[in-house]
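Q: I have a protein model open on my screen and I would like to learn how to read it. Could you take me through it, one feature at a time?

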Protein chains: 2
Amino acid sequence: MEYSNLLSERVKSLKASAIREIFKMLGKSNIISFAGGIPSPELFPAKELGKIADGILEKNGAKALIYGITEGYAPLIEIVEKRNAQKNVGKDFDQTIITTGAQQAIDLVGKALLNEGDGVIVEAPSFIGALNSFRSYNARLFEAEVKEDGIDLEQVENILKTEKNIKFIYTITTFQNPTGITLSLEKRKKLLEIAKKYNCLILEDNPYGELRFRGEDVAAIKSFDDEGRVMYVGSFSKTLSPGMRVGFLTCHKDIMDRVVVVKQVNDVHTPLLNQMMVTDYINNYDFDEHIKISAQKCGEKCAAMLDGAKKYFPDSVSLTNPDGGIFLWCTMPEGIDTGKIFEKAVEKGIAFVPGRTCMADIDKVSNCFRLNYTTVSNEKIDEGMKILGEILKEYV
Amino acid sequence: MEYSNLLSERVKSLKASAIREIFKMLGKSNIISFAGGIPSPELFPAKELGKIADGILEKNGAKALIYGITEGYAPLIEIVEKRNAQKNVGKDFDQTIITTGAQQAIDLVGKALLNEGDGVIVEAPSFIGALNSFRSYNARLFEAEVKEDGIDLEQVENILKTEKNIKFIYTITTFQNPTGITLSLEKRKKLLEIAKKYNCLILEDNPYGELRFRGEDVAAIKSFDDEGRVMYVGSFSKTLSPGMRVGFLTCHKDIMDRVVVVKQVNDVHTPLLNQMMVTDYINNYDFDEHIKISAQKCGEKCAAMLDGAKKYFPDSVSLTNPDGGIFLWCTMPEGIDTGKIFEKAVEKGIAFVPGRTCMADIDKVSNCFRLNYTTVSNEKIDEGMKILGEILKEYV
């Protein structure tokens, strides 16, 4: 039978995430992958989490295995709110919900706010999972470029001047995906002013912020929010484990009221055992020390990759120099199509994320690509960067 | 600030699930709750699952804690497909995806298929989580009554004759929520014929079917599906644990292609540890024996509740007599508002689910209510039914 007229318009044109498709392909071969999106997996506290799971199910099994409330496991909400408070995130008018990863937090906000045709301002480049989520509600995406100190505010303001029904600005403020760039403090404050001026919201996504290996923390936009204009997303995916799927959203209770209903129909609640495991780990282990070690590791790996780039990449390729997180962004001379280089690289056993997958218009040629440095050993980083450098040289 | 003009139309009017709100309230008091929606929680294999989790994280931790693919953990998909095949569910053109509970499977189908204003035929009464999911995509709901042998086919056909853009018929075929009624074999075949005739799909939801305590299994509608017209939803929530949030969807690959993309933006994938735990349990324990024991327990509890109804309820209240599952449906004389009785009952320490929450039009008075018999001890069933019977007598 023919299904095309039975599918919803909102998802007809949606493409599967190229990154996830790459990921599937990689599982099947011996490729050196710089396409990953997680910190070094050997650092995830697997053994501790195993003991914790056993303990919870032994002592508290009935509670862990029945339905929980949609908002999340109360002791975990408390932990998140405490940790938020240390960053001055979350006011009396805000509430926190535990989500099945930060991806779900972003998707719930999209569903709760976006009518078909509404606009979202996104960074160029940005996180493909968020772009696809907004697309899945038939939103129009407007791009503002990521400069050395973050999103271009003039471009943001120009979009807000000319376009109607822009519901929110989506920004990954710290160690941005895919660039590794951090939005400067000054621009954070100005972005909030702009959002106020044009009465739109800000979706501040901060899954990487805790993985800082250099420099000082920059205050969250949410910390300056005195009226509930900023929705703040965080995650345990980059600190404890991505496979656990535990993230959170903190936003004004009037928005949360709708987000909770949307989550109810989505997955009822985030698996309770997973929420209890995160809670137990943070309560009984030194989570901040664990994050510190993870961040240090990110720093070492980042240095190794930058070193490889210096040794093997052509001079005309410029790279960002992040203070934390897990990504580097590489820019080649104008006109070069990194989508084509990607195909060649995969043939030679190297994977990265082509720039076009991180753009609102994925059909436009991109001269950029994303590198991840955390899931590969130092030796493999060197080996992979050498091979990649040789390939890049063929194109410049 | 004012948020109302920033919220999406699709969720503005959506109400929080009354059942989940009741559930929240119940957590705070010593109420006897017949409002539950799970089998006896003491039967969930908590200790075994604890050992399993520990074992997985000890031996296979890195794998369990990183990202998985959106479609699900391959060994679990294999198990589901094998178990499906025993019921003749799943043809060459079908694929299976693991979802974060059956609720997510329903929601993904809604998002993949429903344009705003599209129609869905639902049973009256039906499962509130599904109704709310369809509402959240601004679908129009058309009701066909549940008779003694399941959904009224004449009403289904009348709707399809007069309404355009009906995308699918949503039916809970076995031990229906909230009635406990099973759609007869004859009507299953006819419903598929009707769907063919009017070119719409069927969403067959079967989370309770394995909890049969009497009689013979009835073949799934999906087992007669020779062209991919039926989307089949199942769950481990009622057999292993609802809090784990592991369910699945089996449907034609052309629909699945869109469902996978929608799930990618939704939660990337269902938590890997949870999928691995279900896999390990089924591979290493006697899952079918466990289900058999659970079903027997359901049968004992059901008998105790029917016994209580016989002893304490007024004669004018009629009850269904299910062959499995976890729900009874009670019908009072016309004109009585069980919403009002509910408030009175909660005051006296008894909870049930008022009928109106299970209807497409939740503002219409309902003379029905749903009882769950599995989460309360036999003594409490008797005590609760006695109190409830006294309250009901005041209204007839």
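This is a predicted model: local features need pLDDT of at least 70, side-chain atom pairs count only at pLDDT 80 or more; totals for chains, interfaces and linings use all residues.

Q: Which strands pair with E11(A), and in what sense?
A: The general idea comes before the case: strands of a sheet pair through backbone hydrogen bonds, either parallel or antiparallel. Strand E10 (residues 318-319) of chain A pairs with E11(A) in the antiparallel sense over two bridges. Strand E14 (residues 368-372) of chain A also pairs with E11(A) in the antiparallel sense, over five bridges. You can follow this residue by residue: Ser318(A) has Thr331(A) of E11(A) as its bridge partner, and Phe327(A) stands opposite Asn372(A) in E14(A).

Q: In chain B, what is the order of the strands in the open sheet of four?
A: The order is E10-E11-E14-E13 in chain B, and the pairing is antiparallel. At the edges sit strand E10 (318-319) and strand E13 (353-354) of chain B, each of which pairs on one side only. E13(B) is joined to strand E14 (residues 368-372) of chain B by two bridges in the antiparallel sense. There, Val353(B) stands opposite Arg370(B) in E14(B).

Q: How many strands are in the open sheet of chain B that has mixed pairing?
A: That sheet has eight strands, in the order E2-E9-E8-E7-E6-E3-E4-E5. Its edge strands are E2 (94-99) and E5 (150-151) of chain B, each pairing on one side only. For a parallel example, take strand E3 (residues 119-124) and strand E6 (residues 166-172) of chain B, which pair over four bridges. Within that pair, Val122(B) has Tyr170(B) in E6(B) as its bridge partner. A helix joins the picture too: helix H4 (residues 74-86) of chain B packs on the sheet, touching E2, strand E8 (230-235) and strand E9 (247-252) of chain B. The direction of H4(B) makes about 125° with that of E2(B).

Q: Now a single residue. Is Met231(A) buried or exposed?
A: Met231(A) is buried, with a relative accessible area of 0%. This residue lies in strand E8 (residues 230-235) of chain A. Leaving aside neighbours within four places in sequence, the contacts of Met231(A) include Val109(A), Phe168(A), Leu203(A) and Leu249(A). Take Leu249(A): it is 18 residues from Met231(A) in sequence, and the two are 7.0 Å apart in space, C-alpha to C-alpha.

Q: Which peptide bonds could I look at as examples of cis?
A: The bond from Asn177(A) to Pro178(A) is cis, with omega near 15°, and Pro178(A) is placed in the loop between strand E6 (166-172) and helix H8 (185-197) of chain A. The bond from Ala124(B) to Pro125(B) is cis as well, with omega near 0°. Pro125(B) belongs to the loop between E3 and helix H6 (128-135) of chain B.

Q: What is the phi of Asn138(A), and where is this residue found?
A: Its phi is positive, about 55°, although Asn138(A) is not a glycine. Asn138(A) is found in the loop between helix H6 (128-135) and strand E4 (140-147) of chain A. At 26% relative accessibility, Asn138(A) counts as partly exposed.

Q: How is chain B laid on chain A?
A: In general, two copies of a chain are related by a rotation about an axis and a shift along it. Here, chain B can be laid on chain A by a turn of 180° and a shift of 0.0 Å along the axis, with an RMSD of 0.0 Å. That is the relation of a two-fold axis.

Q: How many residues of the two chains are in contact, and what area is buried between them?
A: Between the chains, 89 residues of chain B are in contact with 89 residues of chain A. The buried area is about 7,500 Å², of which carbon and sulfur atoms give 59%. Tyr3(B), Leu65(B) and Tyr67(B) supply 10% of the area that chain B buries against chain A, more than any other three residues. Also, 100% of the interface residues of chain B are interface residues in chain A too, so the copies meet through the same surface.

Methods
Residues are numbered from 1 along each chain as its sequence is written. Chains are lettered from A and ligands numbered from 1 in the order in which they are written. Side-chain values use heavy atoms; hydrogens and water are left out. Copies are superposed by least squares on the C-alpha atoms of residues with pLDDT of at least 70 in both. Contact means heavy atoms within 4.5 Å. Two strands pair if DSSP finds at least two bridges between them. Axes are lines fitted to C-alpha atoms, for helices over the stretch in contact, and angles run from 0 to 180 degrees between N-to-C directions. Buried area is the accessible area (1.4 Å probe) that two parts lose on being put together, summed over both. Buried means under 20% relative accessible area, exposed over 50%, partly exposed in between (1.4 Å probe, protein chains only).
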